[in-house]
Amino acid sequence: MLQRKQTLFLLATIVVICFCLYLPIAHYTPPTGISKGAILFNLATYNHLESGIDFSNCPLFIVQSLSAIIAIITIFLYKNRQLQVKFCNGGIILQLIWYALYGFYLYSNHDILGSAHINFAACLPLITIILLYLARHGIVADEKLVKSMDRIR
């Protein structure tokens, strides 16, 4: 149901994840001082020096895609609020896993590609966590309202 505020939070989550999937999340400055180094995306790392693409950080893309799919499924589960809460919690956990993987890939390539610099898109999963928490809070509030109405009858 699109008139619920948690649905709007979940839609905003999907939009933010899509932006994060396509924007660069970090760039590397090589130790040689050449201005162009490698750019880290969720799907791959593009290295300007070697003109190559490395898909070793593909799990970042997979985790973000799963989180977007979970948010889409959560929107359509509006009749089962307990399951919606579980899916929101799962989405938050996936975003935390994304940050753990991001830190791993960022610093595991440090010796090879040079010093890493975080881009703005790396902050977008944090916004996603906040939006998922707000959606979860709205779902819990709806569940409490429904239970209080059942008690009155």
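**View 1. Val 140 in helix H5.**
Val 140 sits in helix H5, where helices (H or I, at least four residues) and strands (E, at least two) are DSSP runs numbered from the N terminus. The model is predicted: local features need pLDDT of at least 70, side-chain atom pairs count only at pLDDT 80 or more, and totals for chains, interfaces and linings use all residues. Residues are numbered from 1 along each chain as its sequence is written, and side-chain values use heavy atoms, with hydrogens and water left out. Val 140 has a relative accessible area of 27%, so Val 140 is partly exposed (buried means under 20% relative accessible area, exposed over 50%, partly exposed in between, with a 1.4 Å probe and protein chains only). From C-alpha to C-alpha, Val 140 is 8.2 Å from Gln 82 in space, and the two are 58 residues apart in sequence.

Arg 81 belongs to helix H3. Its relative accessible area is 18%, so Arg 81 is buried. Apart from neighbours within four places in sequence, Arg 81 is in contact (heavy atoms within 4.5 Å) with Arg 4, Ile 139, Asp 142, Glu 143 and Val 146.

**View 2. Packing of H2 against H3.**
Two packed helices are described by the angle between their axes and the distance between the axes. Helix H2 (residues 58-75) packs on helix H3 (residues 81-108) at an angle of about 165°, and their axes are 9 Å apart. H2 is therefore roughly antiparallel to H3. Axes are lines fitted to C-alpha atoms, for helices over the stretch in contact, and angles run from 0 to 180 degrees between N-to-C directions; under 35 degrees counts as roughly parallel, over 145 as roughly antiparallel, 65 to 115 as roughly perpendicular and the rest as oblique. H2 and H3 cross in a left-handed way (the near helix is turned anticlockwise from the far one by less than a right angle; clockwise would be right-handed). Residues of H2 in this contact include Leu 60, Val 63 and Ile 70, and those of H3 include Phe 87, Trp 98 and Tyr 102. By class, the contact of H2 with H3 has 15 nonpolar, six polar and no charged residues. Ala, Val, Leu, Ile, Met, Phe, Trp, Tyr, Cys and Pro count as nonpolar, Asp, Glu, Lys and Arg as charged, and the others, Gly among them, as polar.

**View 3. Packing of H1 against H2.**
The axes of H1 and H2 cross at roughly 160° and come within 9 Å. This makes H1 roughly antiparallel to H2. The crossing of H1 and H2 is left-handed. Among the residues in contact are Leu 10, Ile 14 and Ile 17 of H1 and Phe 61, Ala 68 and Ile 72 of H2. The contact of H1 with H2 has 11 nonpolar, six polar and no charged residues.

**View 4. The largest nonpolar core.**
A nonpolar core is a set of buried Ala, Val, Leu, Ile, Met, Phe, Trp, Tyr and Cys residues joined through side-chain atoms within 4.5 Å. The largest has 19 residues, and Ile 25, Tyr 28, Leu 40, Leu 60, Trp 98, Tyr 102 and Leu 106 touch the most other members. H3 gives the most to this core, with five residues. Beyond four places in sequence, Leu 60 is in contact with Ile 25, Phe 41, Asn 42, Trp 98, Leu 101, Tyr 102 and Tyr 105.

Asn 57 lies in the loop between strand E4 (52-54) and H2. Its relative accessibility is 1%, so Asn 57 counts as buried.
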